[in-house]
Amino acid sequence: MTEQPTGHDAIDSFSNENRTFPPPAEFAAAARVSDGSLAAEADSDPEAFWARQARELIDWQVPFESVLSWDLPNARWFDGGRLNVAENCLDRHVRAGLGDRVAIHWEGEPGDTRTISYSDLLDEVSRFSNVLRSLGVGRGDRVNIYLPMIPEAAVAMLACARIGAVHSVVFGGFSSQSLIDRINDAEAKMLITADGGYRRGEVFPLKPAADEALGATPSIENVVVVRRGGNPVDMVEGRDHWYHDLMEGASVDCPPEPMESEDLLFLLYTSGTTGKPKGIMHTTAGYLTHVTYTHRYVFDLRPESDVYWCTADVGWITGHSYIVYGPLSNGCTQVMYEGVPNHPGNDRFWDIVERYGVTIFYTAPTAIRTFMKWGAEEPARHDLSSLRLLGTVGEPINPEAWMWYHEHIGGERCPIVDTWWQTETGGIMISPLPGSTTTKPGSATFPLPGVGMEVVDDEANRVEHGGGYLTLTRPWPGMLRGIWGDPERFRETYWSRFPGRYFAGDGARLDDDGYVWFLGRVDDVMNVSGHRISTTEVESALVSHPSVAEAAVVGASDATTGQAIFAYVIARGGAEVDVDALRAHVANEIGAIAKPKAIFVTPDLPKTRSGKIMRRLLRDVAEGRNLGDTTTLADASVVGELQRRASEASSED
Ligand code: WT7
């Protein structure tokens, strides 16, 4: 290899995607933003811009006095203000005469449905707020929520917000050990759970898992149990209460608690590089401003006519910000679905889109690649003409998946917003504005108006073109306010690598037009013969081959080249994978430097329950190491199969 990396290319980046998609004229003509005026306003005075959003989008009991105080890494937004998040999500819409508008079209996996208006939701939340108070929960107390995707999950979160309690939602797919760790770290007083929920046509038990945890969580005083699965459960006298029993006698009268702007709204635990999950802290006014603003502008929301659907689970930040708080604060109508996309058939999502007339659809790239695997005939069986805007979140989307989404779901007429953000950022940070941004398949495009972003190299020099590390250059309203109980870890994790900047942990490339291309987490960046290559780029090349449905790439240590590229691929429905042809294909797409040393064809990939590929685990398999805890794997047996194949391959060498 004679070619040297040039200039500030902290991460060498080879691929080039040249297709562009300007906003369709008709869409742009009716859009909330169709030019650069919002960005120009924000650039000229970011704080004044955010203050305007806070004043216009939020109802205040007492107006704020200052916009921002910033003493790195501690930000305070909208000090002096008083407000209540639940009041903004519910009461104000009912007061405005919109009580009959549908807030949630809920659909259970077995096909049962509930239609919940804003008035209904306000009543239910108010009653549950009184229930919480009657069980001794008050301002600042932590409440753990461990529920399936049922309306009571939103009710529980909003009831906490209404009385000033702090919720900590734990995804229903997490084990009882994860629940123990999170309850104990937050010292939660109450647990809200369900008997069980529906998944893949069966009831998965939750209360029994909670019971396993409850022996080791001394702070929990009361447990509230929603009946959903109908599965048998043990109820401990005096500690465990049925939700429906408590609600029966509860009053609908519960004035919202006046909260300070910087009062804690919720904790949400996320994994870091150590084994101990971090309790990410989000507060009241800045968070609400950020999610209301982004939900309105990124999704070009028309609350009076849109039917919005985000397929995330409320257990993740996407569910917090773009199922519960953003959409309800904006007063829109949404679909909430309990189950998996392939029950009873592979077209369940498209059936839902058709029946409810969904106009805005927000999902994850991993889901889109799964739909590709199932085939375009599934969406083709349904009328998807109600859709007008599509979104993605969670990982970089490879251009092939983007194009498939554009063609087979969006009917080539819907703009796609590829939204980059994190649990820590609270809301969307980098994304197209669908009425004004020309998109490129696979690029999250530009920072939103109000957001300061720069790509930097190892020495923190700004990169104008090419690869580097993504940093955020100024505080934003929805930013995390810390890690629960660990201010030092907060500073160290996010604010120490590049002085004065927030470091997101992601590699990114800026192309010649200034578009942002995410390259994956920097700990997923490989170094082969002195070249740093993004795992994501190699994966994207692999899945652009017609025989490949899904791919995961890791850098495993190699005596000659430092790291060598190992790839694990899933064949696309029925296709034969020719490993040598695939290696040549990658060489062709990216360059010989990116050619995987070994490719394993596998029936499945180890993923966390949130759908992220567990690269560290794959690296361990590639390097023949013992595996540690795999309890968060979606399917732990996948690992055994991978190990078997890897050792077969190495004994063939
Ligand atoms: C990490 C954050 C944001 C809610 C869901 C994930 C990756 C997220 C994108 C995107 C490329 C993305 C990043 C980020 N990521 N969205 N549009 N393009 N990468 O939240 O679990 O906190 O993960 O997800 O690597 O750092 P999270």
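Which residues does threonine 471 touch, not counting residues up to four places away in sequence? In this predicted model, they are Gly452, Met453, Glu454, Val456, Phe498, Arg501, Tyr502 and Phe503.

Threonine 471 belongs to strand β22, which covers residues 466-472. With a relative accessible area of 0%, threonine 471 is buried. The cut-off for that word is a relative accessible area under 20%.

One of the residues touched by threonine 471 is Arg501, and here the side chains of the two residues are joined by a polar contact of 3.0 Å. Tryptophan 495 is 24 residues from threonine 471 in sequence, and the C-alpha atoms of the two are 9.8 Å apart in space.

## The ligand and its shell

The ligand is surrounded by 16 residues. The closest of them are Asp418, Thr419, Gln422, Thr423 and Arg521. Sorted by class, the shell holds six nonpolar residues, five polar ones and five charged ones.

A polar backbone atom of proline 396 is 3.4 Å from a nitrogen atom of the ligand. For threonine 419, a polar backbone atom is 2.8 Å from a ligand nitrogen. Glutamine 422 takes part through its side chain, where an N or O atom is 2.9 Å from an oxygen atom of the ligand. The ligand exposes 560 Å² when taken alone, and the protein buries 89% of that area.

## Helix α15

Helix α15 consists of residues 399-409. Eight of its 11 residues are buried, so the helix is largely enclosed by the rest of the structure. The buried residues are Pro399, Ala401, Trp402, Met403, Trp404, Tyr405, His406 and Ile409.

Glycine 411 follows α15 and has a positive phi, near 55°.

## Aspartate 141

Aspartate 141 is placed in the loop between α5 (118-134) and β6 (142-146). Is aspartate 141 buried or exposed? Its relative accessibility is 18%; because the limit for buried is under 20%, aspartate 141 counts as buried.

Apart from its neighbours within four places in sequence, aspartate 141 is in contact with Gly136, Ala165, Val166 and Lys189. With lysine 189, aspartate 141 makes a polar contact from side chain to side chain, at 3.3 Å.

## Cysteines without disulfides

How many disulfides does a search of the whole structure find? The search finds zero. Cysteine 89 is in no disulfide, and the nearest cysteine sulfur, in cysteine 332, is 11 Å away. A disulfide would need the two sulfur atoms to be within 2.5 Å. Cysteine 89 is also buried, at a relative accessible area of 0%.

## Backbone geometry in the loops

Most peptide bonds are trans, and most residues other than glycine have a negative phi. The following places in the model depart from one or the other pattern.

The peptide bond joining leucine 72 and proline 73 is cis, with omega about 5°. Proline 73 sits in the loop between β1 (68-71) and β2 (74-77). Another cis peptide bond runs from histidine 343 to proline 344, and its omega is near -5°. The loop that holds proline 344 lies between β17 (333-337) and α12 (348-356).

Arginine 200 is not a glycine, yet its phi is positive, near 50°. This residue is in the loop between β9 (196-199) and β10 (202-205), and it counts as exposed at 52% relative accessibility. Threonine 445 also has a positive phi, of about 65°, without being a glycine. Threonine 445 is located in the loop between β20 and β21 (453-456), and with a relative accessible area of 0% it is buried.

Key:
Residues are numbered from 1 along each chain as its sequence is written. This is a predicted model: local features need pLDDT of at least 70, side-chain atom pairs count only at pLDDT 80 or more; totals for chains, interfaces and linings use all residues. Side-chain values use heavy atoms; hydrogens and water are left out. Buried means under 20% relative accessible area, exposed over 50%, partly exposed in between (1.4 Å probe, protein chains only). A residue is near a molecule or strand if one of its heavy atoms lies within 4 Å of it. A polar contact is a pair of N or O atoms within 3.5 Å; within protein, one must be able to donate a hydrogen and the other to accept it, and residues adjacent in sequence count only if both atoms are side-chain atoms. Accessible areas come from the Shrake-Rupley method with a 1.4 Å probe; for residues, only the protein chains shown count as cover. Ala, Val, Leu, Ile, Met, Phe, Trp, Tyr, Cys and Pro count as nonpolar, Asp, Glu, Lys and Arg as charged, and the others, Gly among them, as polar. Helices (H or I, at least four residues) and strands (E, at least two) are DSSP runs, numbered from the N terminus. Contact means heavy atoms within 4.5 Å.
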